Amino acid sequence: MPLLKVTGLSKVFQLGRNKTVTALNNVNFEVEDGEIFGILGPNGSGKTTCLKLLLGILFPTEGSISIMGKNQFDVEAKSRIGFLPENPYYYEYLCGTEVLNFYGRLFGMPKGLIKERTEYLLKLVNLQDAGKLALRHYSKGMLERIGLASSLINDPKILILDEPTTGLDPIGCKETRDLLVRLKEMGKTILLSSHFLSEVERVCSRIAIFHRGNLLTTGSLSSLLNQYGADNLEDLFVKSIEKYDVELESGKPVAATD
Amino acid sequence: MGKMWVIATNTFREALRKKTLYILLVVALVAIGTSRFFSFLAAQDELKMIKDVSFATIEFFGAILAIFTAMGGVSGEIEKKTIYTLLAKPITRKNFIIGKFLGQSMVILLNAILISLFFIGLLISKKAVPDMEIYKSLLLIYIELLMIGAISLAVATFATDAFNIILSFFLFITGNLSVYFKQVIERTENIIFKGLGYMLYNIIPNYENFNIRDQVVVGVNVSWQYVGQTILYGVMYIVIAVLVGIYFFQKREV
């Protein structure tokens, strides 16, 4: 049984009385236990909308989501998820340690465990010297790292990361990539939304490409490269989007493959 | 209760680390402090002035704090996008709203206690012993502030900040003038306006009920039965407002 299953997921936003925007259109995919699943797509393709639906922040117009056999609003399912939003916004009046303590308490973790995890995670993301510093004094890269640490506070089974390397310098990006691989080795299942194709190419077992709210294709990188006759992920990305746009102009239906 | 309490304590901590609470507190203390400079009045009048100004100050500045804390509790979280990290956690939207209400109630209580202590200290410095009637009045003002905060919290779950500020202050003013409002309705001859007026009169929270300062200032005792009934009326409004907030927030996409 897949750890996460998305079936016929659509999201239509109502803009005013007669105007609607389809942000996500009949999306289907599954994420298996222990894999790093990459979500790719240009800006406005529906990636973040999809993640917000998975987390119960938005409500689907149609379709269903199953996380470890439960729906996305189930408190038990949520307790096994870690989430890092794009450009993480945290309580700037809290210091790093307090942020981790706050989120740990929301997971109902005991004090001792929160303290233990906080020390471990601050070290893991190289913020052990900034634990007592208020977040308003953190750089963008430091905020990204404390965000990553807070997404791991509950030792989640599924980690949902929305652009985790935005704002990080090249060394920070490499450290994050290495961390993702380590987390995968620890048995975590990771959903990674990213603009950085090289990052996805290096760490993901399977990928999904979104465009204009549609899931164009999903599968392992090697199978998709073969399918599209592409040389690398960048080539695959461009070809899949161009193919969709051409088919859309000619009125042909476009179906996602798995 | 555990997770609601976590939200509540964080809301309280946020208020403690922001300047709004302290600015309001300083302005309120200055307002009360200046009331003692009416030394040209007779001793008895000076005490009345201190009591009257202090009750009005606790109510007015408490209302401002209640409205802005409640508003920031919902729209602030949405604007700063911290709401994403909260809703992704194993908490329900009901937990969030109740937690926010508990947190803002703690902020309002702290503010009311600090101003009240200053007020009582001022009375003692004037050799006046604060009687039970003063504490009854302070208790009713606190319940009124909780009502104002609960209504503002409920409105914040479905309306903009601008609308919330206008509506909350409109209710604060009309709710404190409900006696006059009723008199206007009684004098109205048009049946439609009269019916509409009575409907509004019954819906708008009657904050006037919580105002016993005129009696307290002149030394008239207010019964515990009245205090109890008024608290019950306030609690009823608070429960309804929090339920409305939960209802709308459960449907809201952020």
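1. A search of the whole structure, over all chains, finds zero disulfides, a disulfide being a pair of cysteine sulfur atoms within 2.5 Å. This is a predicted model, in which local features need pLDDT of at least 70 and side-chain atom pairs count only at pLDDT 80 or more, while totals for chains, interfaces and linings use all residues. Side-chain values use heavy atoms, with hydrogens and water left out; residues are numbered from 1 along each chain as its sequence is written, with chains lettered from A and ligands numbered from 1 in the order in which they are written.

2. The cysteines. The closest cysteine sulfur to that of Cys50(A) is in Cys204(A), 14 Å away, which is too far for a bond. Cys50(A) is buried at a relative accessible area of 0%. Cys204(A) is also buried, at 13%. (Buried means under 20% relative accessible area, exposed over 50% and partly exposed in between, with a 1.4 Å probe and protein chains only.)

3. Glu35(A). This residue lies in the chain A loop between β2 (19-31) and β3 (36-40); strands are DSSP runs of E of at least two residues, helices are H or I runs of at least four, and both are numbered from the N terminus. Glu35(A) has a relative accessible area of 8% and is therefore buried. Its side chain reaches the backbone nitrogen of Glu32(A) at 2.6 Å. Leaving aside neighbours within four places in sequence, Glu35(A) is in contact (heavy atoms within 4.5 Å) with residues including Lys184(A), Lys188(A) and Arg206(A). Glu30(A) and Ser205(A) are among the others in that list.

4. Helices α3 and α5. In chain A, the axes of α3 (residues 96-106) and α5 (residues 140-151) come within 9 Å and cross at roughly 30 degrees. Axes here are lines fitted to C-alpha atoms, for helices over the stretch in contact, and angles run from 0 to 180 degrees between N-to-C directions. α3(A) and α5(A) are therefore roughly parallel to each other, since angles under 35 degrees count as roughly parallel, over 145 as roughly antiparallel, 65 to 115 as roughly perpendicular and the rest as oblique. On the α3(A) side the contact is made by Gly96(A), Val99(A), Leu100(A) and Tyr103(A), and on the α5(A) side by Ile146(A), Ala149(A) and Ser150(A).

5. Ser151(A). Helix α5 of chain A also holds Ser151(A), which is buried at 1% relative accessibility. The Ser151(A) side chain reaches the backbone oxygen of Leu148(A) at 2.6 Å. Not counting residues up to four places away in sequence, Ser151(A) touches Gly82(A), Phe83(A), Leu84(A), Pro156(A), Leu159(A) and Leu161(A).

Definitions and conventions. A polar contact is a pair of N or O atoms within 3.5 Å; within protein, one must be able to donate a hydrogen and the other to accept it, and residues adjacent in sequence count only if both atoms are side-chain atoms.
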